[in-house]
Amino acid sequence: LAKYPAVRWAAGGWSFFIAENALLSENRTWLIEELGDERYHLMYGTLSTVATASIGYAYYSIRKLTPMPPALTLWTTTMAAPML
């Protein structure tokens, strides 16, 4: 699986997301003292958005490489998404 760039991108995105959350959460008090509450949340939100967007991009890329089962293809092309 590691030979596919999209899989590496997804793994990298998840790794970044986990590391970013762990580092920012563990150092929350110190970062807020240094940056202020507003800047801390801006940084946290920005990094989380970048990580999540990279994961989404990777899964979109993987979906293009992997054929979907016929039932799922039919559902995604003819039916509206279910409301959760």
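Reply: Three residues, Trp-14, Ile-18 and Tyr-59, form a nonpolar patch on the surface of this predicted model, and together they have about 340 Å² of accessible area. Accessible areas come from the Shrake-Rupley method with a 1.4 Å probe, and for residues only the protein chains shown count as cover. A patch is made of residues with over 30% relative accessible area and no salt bridge, where like charges are joined within 9 Å and nonpolar side chains (Val, Leu, Ile, Met, Phe, Trp, Tyr) within 5 Å. A salt bridge, in turn, is a side-chain nitrogen of Lys or Arg within 4 Å of a carboxyl oxygen of Asp or Glu.

Residues are numbered from 1 along each chain as its sequence is written, and side-chain values use heavy atoms, with hydrogens and water left out. Since this is a predicted model, local features need pLDDT of at least 70 and side-chain atom pairs count only at pLDDT 80 or more, while totals for chains, interfaces and linings use all residues.

Trp-14 belongs to helix H1, which covers residues 5-26; helices (H or I, at least four residues) and strands (E, at least two) are DSSP runs, numbered from the N terminus. Trp-14 counts as partly exposed because its relative accessibility is 39%, given that buried means under 20% relative accessible area, exposed over 50%, and partly exposed in between (1.4 Å probe, protein chains only).

Asn-21 is also placed in helix H1, but Asn-21 counts as buried because its relative accessible area is 18%. The side chain of Asn-21 reaches the backbone oxygen of Phe-17 at 2.9 Å, a polar contact, that is, a pair of N or O atoms within 3.5 Å; within protein, one must be able to donate a hydrogen and the other to accept it, and residues adjacent in sequence count only if both atoms are side-chain atoms. Leaving aside residues up to four places away in sequence, Asn-21 touches Tyr-44 and Ser-48, where contact means heavy atoms within 4.5 Å.

Elsewhere in helix H1 lies Ala-6, which is buried because its relative accessible area is 10%. Ala-58, found in helix H3 (residues 37-65), is buried because its relative accessible area is 0%. Although Ala-58 and Ala-6 are 52 residues apart along the chain, their C-alpha atoms are separated by 5.0 Å, and Ala-58 touches Ala-6, Trp-9 and Ala-10, again not counting residues up to four places away in sequence.

As for the whole chain, it has four helices and zero strands, and 17% of its 84 residues count as buried. The mean pLDDT, the predictor's confidence in each residue from 0 to 100, is 80. Confidence is lowest in helix H4 (residues 70-78), at a mean of 56, and highest in helix H2 (residues 28-35), at 94. Where pLDDT is low, the predicted coordinates should not be read in detail.
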